[in-house]
Amino acid sequence: MAEFSLELNEDQLQIQKWVHEFAADVIRPAAPEWDEREEFPYPVVEQAAEIGLYGWEFMAEGMSGDPTGLTLPVAIEELFWGDAGIGMAIMGSGLAAAGIVASGTPEQVIEWIPQCYGTPDKIGLGAFAASEPDAGSDVAGYRTRAVYDEATDEWVLNGTKAWITNGGIADVHVVVAVVDPELGSKGHASFVVPPGTKGLSMGQKYKKHGIRASHTAEVVLDDVRVPGRCLLGGKEKLDERLARVRRGEKGNAQAAMQTFEATRPAVGAQALGVARAAYEYALDYAKEREAFGRKIIMNQSIAFMLADMATEIDATRMLIWRAAWLGKNGQFKNAEGSMAKMKAGRVATWVTERAIQILGGYGYVREYPVERWHRDAKIHDIFEGTEQIQQLVISRAISGLRIE
Ligand SMILES: Cc1cc2nc3c(=O)[nH]c(=O)nc-3n(C[C@H](O)[C@H](O)[C@H](O)COP(=O)(O)OP(=O)(O)OC[C@H]3O[C@@H](n4cnc5c(N)ncnc54)[C@H](O)[C@@H]3O)c2cc1C
């Protein structure tokens, strides 16, 4: 078990510097263009792959090679400090990888995760498709069906997935589908849809408020046939689990909850990077801009806003690091991963709004980056569990009651 420490080790400091330099030199200058184009920034992600920042080895090292849990949030904060849309384009395949790690066998992990990233010469993309047009937070409402065809040992998938990062442009899609509709959310299973599988297509591509360099689209599954080995975890394990649920035995809800709690600090770190970018920009601006014959920071109302922003950002980082460390080294007690994610989304939305206020009119136009950062921040209150869903998880954890 690693000691909890606020001091980063030598490796972490190096990674932090390495990602920061890429964010400052490559991502930031490219950000306005890809935000306007609303397209996946292939050239930037290819550059990230060339230096090893986009690739399964980096994710594997960040996820499993670090006993403190802090390396990944530290790297992600720097990446999203550069730009959240491009940051998400780089991180999006990680959602598929996490889905494969969560449910797959070691053989499936080895087979599919490298395909989610490809190689620096030819990058690949992964997508994790759970949400549906009529069911986002309410996972028991998923309708996408997976039916087993015993004659061919294939699963047949039908349905529509909504809001999917890299949806339809990914090489590997991980799809959550209903295998037993009578069991609600306990009757789901995850499937890998391999590259080039017939019947999978992109539906509408969404025009978004923020993170516009990240591709988000519907995924339509029309009689998609995947081999039996694409069921993550395998059929035997699925049949055993379904039988346990049908007998009314308790499943491994606790284990699933721990998995979600462990991935939430990374999402919090994304929001933290956006918040820090806006705070730093507003601080510099307030020290330069003059009104009424003095720098605007010399007014307490501006300086106190910046003081509050700095405090909220540091408090958020403490929550994220604690949750990331707990994810690796201890048991969560009070949904600390959800606390970190919820706080980070709120702080990013608030800090970026305050940054606009400090810049005045210049904060409101596209020539300056803070309006983009404000648009980008908001997604962190919504995806990977909305603010209200985090509140639900935390209130259940602290009370031990089934709050609805
Ligand atoms: C840019 C973007 C990228 C995304 N990427 C992915 C992806 O890669 N893969 C994927 O599977 N999904 C993805 N999503 C989907 C995302 O996770 C969902 O949008 C999110 O879970 C919310 O679901 P919903 O939009 O259906 O909202 P709803 O669940 O309909 O919620 C609407 C409102 O009701 C509130 N609410 C719902 N239930 C309760 C309750 N019980 N108590 C209190 N309040 C409640 C919510 O908090 C929210 O404010 C993405 C979404 C976006 C916008």
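This is a predicted model: local features need pLDDT of at least 70, side-chain atom pairs count only at pLDDT 80 or more; totals for chains, interfaces and linings use all residues.
## Three domains

Let's start with the overall layout. The protein is divided into three parts: domain 1 covers residues 10-123, domain 2 covers 126-246, and domain 3 covers 255-399.

## A closer look at helix α6

How far apart are its end C-alpha atoms? They are 18 Å apart, and since 12 residues at 1.5 Å a residue should span 16 Å, the two values agree.

Several residues of α6 are buried: Trp112, Ile113, Gln115, Cys116 and Tyr117. The elements covering them include the helices α3 (56-64) and α5, along with β1, β4 (172-178) and β5 (188-193). Just after α6 comes glycine 118, which takes a positive phi of about 65°.

## The nonpolar core

In soluble globular proteins, nonpolar side chains tend to be buried together. In this model, the largest nonpolar core has 114 residues. Those with the most contacts inside this core are Phe191, Val192, Val274, Ala275, Ala278 and Ala355. Helix α8 (residues 253-288) brings the largest share, 13 residues.

Which residues does valine 192 touch? Leaving aside residues up to four places away in sequence, valine 192 touches Ile100, Trp112, Val172, Val174, Val226, Cys230 and Leu232. One of these, Trp112, is also among the buried residues of α6.

## Around the ligand

Now turn to the ligand, which is surrounded by 22 residues. The closest are Ala130, Gly136, Ser137, Thr386 and Gln388. Elements that give two or more residues to this shell are β1 (126-129), β3 (154-165) and α12 (387-399).

Which domains does the shell draw at least three residues from? Both domain 2 (126-246) and domain 3 (255-399) contribute at least three residues each. By class, the shell has 12 nonpolar, 7 polar and 3 charged residues.

Key:
Residues are numbered from 1 along each chain as its sequence is written. A residue is near a molecule or strand if its C-beta atom, placed from the backbone, lies within 6 Å of it. Helices (H or I, at least four residues) and strands (E, at least two) are DSSP runs, numbered from the N terminus. Ala, Val, Leu, Ile, Met, Phe, Trp, Tyr, Cys and Pro count as nonpolar, Asp, Glu, Lys and Arg as charged, and the others, Gly among them, as polar. Domain bounds come from an automatic or database domain assignment. A nonpolar core is a set of buried Ala, Val, Leu, Ile, Met, Phe, Trp, Tyr and Cys residues joined through C-beta atoms within 7 Å. A residue is buried if 20 or more other C-beta atoms lie within 10 Å of its own, exposed if 12 or fewer, and partly exposed in between; C-beta atoms are placed from the backbone. Two residues are in contact if their C-beta atoms, placed from the backbone, lie within 7 Å. The expected span of a helix is 1.5 Å times one less than its number of residues.
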